[in-house]
Amino acid sequence: MHPYEGLYVVIDGIDRIGKGTLISIVVVYEQVKGKRSFDVDAFQSEKGRLPTPEEFRNADFLVLSEPTYSGKGKEIRDVLIRKGFDIPSLNIASAYADDRMVLLKNVILPALQMGKLVISSRSVCSSLVYQPLDAERKGEKLMMNTVLSMPGNVFAMNNSPNLLVIPFVDSVGNALERSKSRGKDDDCKFEEQHFLETLQEVYRGETIKDMFRSRGTEVMYVDTSGNIDDSKRNMLRIWKYFFNE
């Protein structure tokens, strides 16, 4: 786990599981308490780059996503994981690791050194789960240990989060239908039901849990099978427990 004063919280799980909803819930919760937020994703969309520490100095907490919305992360979003592009899984995993290193060094760790709270949608956990399974279904071979050995991922695991929250659902099919009804479709090639069901099994398995807990990360699971009120109640229960509120 990272050695800094700030707290690093990650919400990581399959696509369409409600990660954005959970993050919105805790953001509103912290803002109601008077905390000032800085949206790193929105900043990148406007400026085309990551913010400097000086630009988020006055914020109490940062909200961000992996991959980033600038540089290598934008290439990942626009090309590497779009349907219709046949990119080798090793190349995708390497791009994620490189982007992750840049985000950690330039935003996450400086914020933690300043004593801030960082809330992230996705992390190295996503690469460890997604890339080996994506390779397998394409007839390629990419072991989890290979993904883990990439420099950006080694760096990420050496600075692992304080808290890793993994959402889960009883029915992936229902989650997909629910997201479609909300008009959510970003043309990501990973969003296929059987694939997502397999991914969820890995996210909830002992390997991921033990890997992060061995590095001092608290790993907790939140049920997002119900409606938004249910998800809010379940997420805030975890949040208040972790922060001793």
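Helix 4 spans residues 89–113 and helix 7 spans residues 151–158. Their axes come within 7 Å and cross at roughly 40°. Axes are lines fitted to C-alpha atoms, for helices over the stretch in contact, and angles run from 0 to 180 degrees between N-to-C directions. Helices (H or I, at least four residues) and strands (E, at least two) are DSSP runs, numbered from the N terminus.

The model is predicted: local features need pLDDT of at least 70, side-chain atom pairs count only at pLDDT 80 or more, and totals for chains, interfaces and linings use all residues. Residues are numbered from 1 along each chain as its sequence is written, and side-chain values use heavy atoms, with hydrogens and water left out.

The crossing of helix 4 and helix 7 is left-handed. In a left-handed crossing the near helix is turned anticlockwise from the far one by less than a right angle; in a right-handed one it is turned clockwise. On the helix 4 side, the contact (heavy atoms within 4.5 Å) involves A97, R100, M101, L104, K105 and L109. They meet P151, G152, N153, F155 and A156 of helix 7. This contact has seven nonpolar, two polar and two charged residues. Here Ala, Val, Leu, Ile, Met, Phe, Trp, Tyr, Cys and Pro count as nonpolar, Asp, Glu, Lys and Arg as charged, and the others, Gly among them, as polar.

Helix 1 (19–32) packs with helix 11 (residues 228–242) at about 60°. Their axes lie 10 Å apart. The two helices are therefore oblique to each other, and their crossing is right-handed. Helix 1 contributes L22, I25, V26, Y29 and E30 to the contact. Helix 11 contributes S231, K232, M235, L236, W239 and K240. By class, seven of these residues are nonpolar, one is polar and three are charged.

Helix 5 (residues 124–137) and helix 10 (residues 206–213) pack at about 150°, with axes 12 Å apart. That angle makes helix 5 roughly antiparallel to helix 10. The crossing is right-handed. V124, C125, L128 and V129 of helix 5 meet I208, M211 and F212 of helix 10. The contact residues are seven nonpolar, no polar and no charged.

Empty space was examined next. Rolling a probe the size of a water molecule over the atoms shows where empty space is left. On a 1 Å grid over the protein atoms alone, a cavity is a set of points where a 1.4 Å probe fits but cannot get out. A pocket is an open set with protein on both sides within 12 Å along at least five of seven lines. Lining residues have an atom within 4 Å of a point. Grid points are joined across faces, edges and corners, and a volume is the space filled by probe spheres set on the points.

The structure holds one cavity of 30 Å³ or more. The largest cavity has about 50 Å³ of space. It is lined by Y8, E66, R100, L104, S123, V124, A156, N159, S160 and P161. Five of these are nonpolar, three polar and two charged. The second largest pocket has a volume of about 170 Å³. Of its 13 lining residues, L7, K35, D60, L117 and F243 are the closest to its centre. The lining has four nonpolar, two polar and seven charged residues.

Two loops hold backbone features. The peptide bond from E66 to P67 is cis, with omega near -5°. P67 lies in the loop between strand 3 (61–65) and helix 3 (71–80). R16 is not a glycine, yet has a positive phi of about 70°. R16 sits in the loop between strand 1 (7–11) and helix 1.

How values were computed: Parallel < 35°, antiparallel > 145°, perpendicular 65-115°, else oblique.
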